[in-house]
Every structure is written in structure tokens, then in C-alpha cells.
Amino acid sequence: MALVASLALSGGAAPRKAVPVSERPKLMWVDLSANWKTFSSPDSIDYYVRKCKDAGFNTLVVDVKGTGSGVAYPSEVAPVLKEWKGVRRPDDYDFLSRFIEQAHNNGMKVYASFNIFCEGHGIFHKGIVYDTRKEWQSVNYVPGKGIIPSSEIEGKATVFVNPALPEVQDYERSILVECATKYPVDGIMVDRTRYDNIQSDFSDFSRKQFEKYIGKKVRHWPADIYEWVSNDKGSYDLKEGKYFKQWIEWRASVIHNFFASTRKALKEARLDVRFAAYTGAWYPSYYEVGANWASKDYDPSVDFDWATPRYREYAYGDLLDLYTNGNYYKNVTLEEYRRSNGTYLNETDSRLSTGEHLCVEGACEYSKELLKDNAFCGGLYVEDYGRDVEQFKKAVRMNLRKSDGLMVFDIVHIINRDWWLPLTAAIAAEEALMEAAEAE
């Protein structure tokens, strides 16, 4: 899909009110499966909560629902995960309560994090799409294979469900409300609140809902949406059909409406709970997963030929109390990006991307343009920096400087590398500069 406008940044976003340094969220993410063994004892929770506090963090994002359906608390809605890779937690061990207690004792906030529209671990064949809800799984249009259920795609690690199904939305929403009412979490963070990829979802249900949305029958399915056409390089190109742009628009409406209804349900259950979301930062290609995380004040149809004028109506950035995105690039500065080959394949992309948003600095500046007055925390993926601690520190500082906070994914990598001292130093150094600038 070609771009109508250049993605080169034109000197940064329009001025907006800066979040004071003392109020900026600094989030440490705690992945459920990667940290399962480490946080299977209360002493470890106590120790690492304090380590995060001492490093300068004020918020923990504690993952309680992974990609395989199970949740790490005694739920009456979702299956409960009690064992992972041979490590079983005691039945009376309340992992989330311990995190909340220790965080609050240290003056920190806790957001419970949930993987939303994925309900199957494809490697281990775990999750409700394998056990009780096979009919919910996404049906994908796979190059060279045709339309097949997601669980039948060879090598697929994460099996998504169809976000358009009302029963799927009701189920996912009910888990979030249950957690918010059962625990005194400060917020609920949603992840993977999107479609699987551009191939999803081509079920009969989605076809009927899309036909209802556009008010006409789709005679040639899926060709009227798009086709995978083989090329002379041994791969496939996407050839758009006549309804492609409306399809992109409709999928964005599905995700937006879930955000709107979920925010309403959470606030009705607990007015003080904050509603947060995480996405990838690569907006120019994120339409492939149906997630328009921008502000409604931004009109993507001016910049991109995949966006209809109505696409902006389905932006959900204004519905969030806190937003963090993943500026997951080894190139930190715009200068570094410009010296690179200029291409990158993001996690959800079907093809290589280009543009100055594909580095930490560029992603932060571009996010400001998209989000308008909505604050956001720039996120980094520790693994992107390998053993290059100086580049890691540069990324920490750039996210703090160019966004309204910081998110580090994930604590497991900080523990494994023993990067607590460089992380602490990077935060302290950048905040000292920002505080000095505030005082001027």
C-alpha cells in the first residue's frame, strides 16, 4: 500500500502542554510467562518491586493474562493458570495481591495487563480455542493456502479470536471488569486489542457483518476485499479489491467500538480505575491490524491512501486514561535512522516499512502528531539492544525526553543482564536535565 504523503518528520509536533517531570508515568512491564518462575514466591515480588522503585519507576504493569487464555488469579470467568513449564504455584498464592500490596507500600501504582483477542498458545496448544471455544478462533486468508482457521496455520505461535464476534467481546470485557472489581488495581492495561494481522478475519460471520456495514453483498469473496497474487520472487503480493478501503475502515470500527464499550463498563464497575492500552508505535502500517490508536483530531486520509475520510471516526486514543506504545528500534536518533538502509519489518507488518518514525526519536515525535493533546509513554524493548548498554541508555533517555513518560519491556531482560545500575543512571540523568529546564 503506497503512501500519499511523505513520512519525513517536519521539525516535530505542534507545541502542547508538557507533563511535569514529577508526574510522568514510568512503567516497568512484568510479562506473565517470561517471569513465571521468578515471581512464584512472595520474597521475589517484594525484592523486585523495591528494585523498580529504587531505579525510578512509579508504575508496574503486571501481566495477568497471557496468550494462552489462563489468568494468574482465581477467576470465575477465565481458566486459571496454575503451572507453567513445570513450575506450579500454590493454590493459595495470590500473585496479583502481593504485587499490589508491595507496590502501594512503596508509593507505586499497578496496572493489571491482559492479552485480549488472543486465546491460544499455538506451540503448546493451550487455550480456549483448543479446549472449549474453537468456533471463536480467527479465520485467516493465508497466501498460497486460502482461507483457513488460525489454529491450523503451521508454526503459528499465537492464535487469535475474531474481535467482531459479540460473544468474544462480552467474554473479554467480563474478565477485565472482574479483575477491576476483585482487586484494588490502579488501572487495567490491554494488549493485543486488535486483529491478528492483515489476513484476519475472513469468517462467514465477518463477511455478513461487513456486508451489513456497507449495505451490499460482496459477490467475489475474498477477491473484492483483496487477493494474494504470486510474484516472480517466489512470494505473494496483495492486490486490493474494490472494497479494500471500506474493509480497513470496518475493522477499525470493530476495535474502536470494543474500546468504547469496555471503557464504559469499567467506569460503571469502578469509576476510579484507569483504562490503558499498549500498541506498537508503527502507525503507518498498523491499519493492517485494525487498531487506530490516534486522536480523532488527526485525519489519516490526508496522509495515506488506505484511509477513508471516515477512518478517523474510529480513533480510540481519546478514550484512554493512559497509553504506551512500543518504539521498538535499535536506531535511537533520527540521524542513526538516516544512516541506516531505511527499511524495517515490524511485528505486525505484511511487508517492509520505511519512514523516519522507524527509530525511537522519530516514533516519539510522530506519536505526538497523531495523539494531539493526549499524553503517551514511549516504550522500549530491551532485547533490541543486545549487550549494547550505551545504546540502551540512550533509548531510555530519548523516550523520557521526547514522550510523556517511559515504558520498559520487560523486567526479565533487566534481571538477566543485570542492567539495574545503567537503567537507574539513565533515568536519573535525563530527569535531572528536564527538572533543570522546568525550573528555568
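## Terms and model

Two strands pair if DSSP finds at least two bridges between them. Strands (E, at least two residues) and helices (H or I, at least four) are DSSP runs numbered from the N terminus.

This is a predicted model, in which local features need pLDDT of at least 70 and side-chain atom pairs count only at pLDDT 80 or more, while totals for chains, interfaces and linings use all residues. Residues are numbered from 1 along each chain as its sequence is written, and side-chain values use heavy atoms, with hydrogens and water left out.

## The barrel

Eight strands, paired in parallel, close into a barrel in the order β1-β2-β5-β10-β13-β14-β17-β18. From one strand to the next, the twist averages 25° (angles run from 0 to 180 degrees between N-to-C directions, and axes are lines fitted to C-alpha atoms, for helices over the stretch in contact).

Strand β2, residues 59-65, runs parallel to β5 and is joined to it by six bridges. Within this pair, D63 stands opposite S113 of β5. Helix α10 packs on the sheet and touches β1 (26-30), β17 (377-381) and β18 (406-409) (contact means heavy atoms within 4.5 Å). The direction of α10 makes about 165° with that of β17.

Strand β10 covers residues 187-191, and five of its five residues are buried (under 20% relative accessible area; exposed is over 50% and partly exposed is in between, with a 1.4 Å probe and protein chains only). G187, M189 and D191 point one way from the strand, and I188 and V190 point the other way. In a regular strand the side chains alternate between the two faces of the sheet.

β10 runs parallel to β5 (residues 109-115), with five bridges between them; here Y111 stands opposite G187. β10 also runs parallel to β13 (residues 274-280), through four bridges. A276 in β13 is the bridge partner of M189.

## Helices α4 and α6

The axes of α4 (residues 166-182) and α6 (residues 244-269) are 10 Å apart, and the helices pack at an angle of about 30°. α4 and α6 are therefore roughly parallel to each other (under 35 degrees; over 145 is roughly antiparallel, 65 to 115 roughly perpendicular and the rest oblique).

From α4, the contact uses Q169, E172, R173, L176, V177, A180 and T181; from α6, it uses V254, F258, S261, T262, A265, L266 and A269. By class, this contact has eight nonpolar, four polar and two charged residues (Ala, Val, Leu, Ile, Met, Phe, Trp, Tyr, Cys and Pro count as nonpolar, Asp, Glu, Lys and Arg as charged, and the others, Gly among them, as polar).

## Helices α9 and α10

Helix α9 (residues 360-371) packs against α10 (residues 389-402) at an angle of about 15°, with the axes 9 Å apart. These two helices are therefore roughly parallel to each other, and their crossing is right-handed. V360, E361, C364, E365 and K368 of α9 meet A395, M398, N399 and K402 of α10. The residues of this contact divide into four nonpolar, one polar and four charged.

## W419

W419 is found in the loop between α11 (411-417) and α12 (420-439). The residue counts as buried because its relative accessibility is 7%. Leaving aside neighbours within four places in sequence, W419 is in contact with V382, G386, R387, D388, V389, F392 and I414. R387 is 32 residues from W419 along the chain, and their C-alpha atoms are separated by 9.9 Å.

How values were computed
Left-handed = near helix turned anticlockwise from the far one by under 90°.
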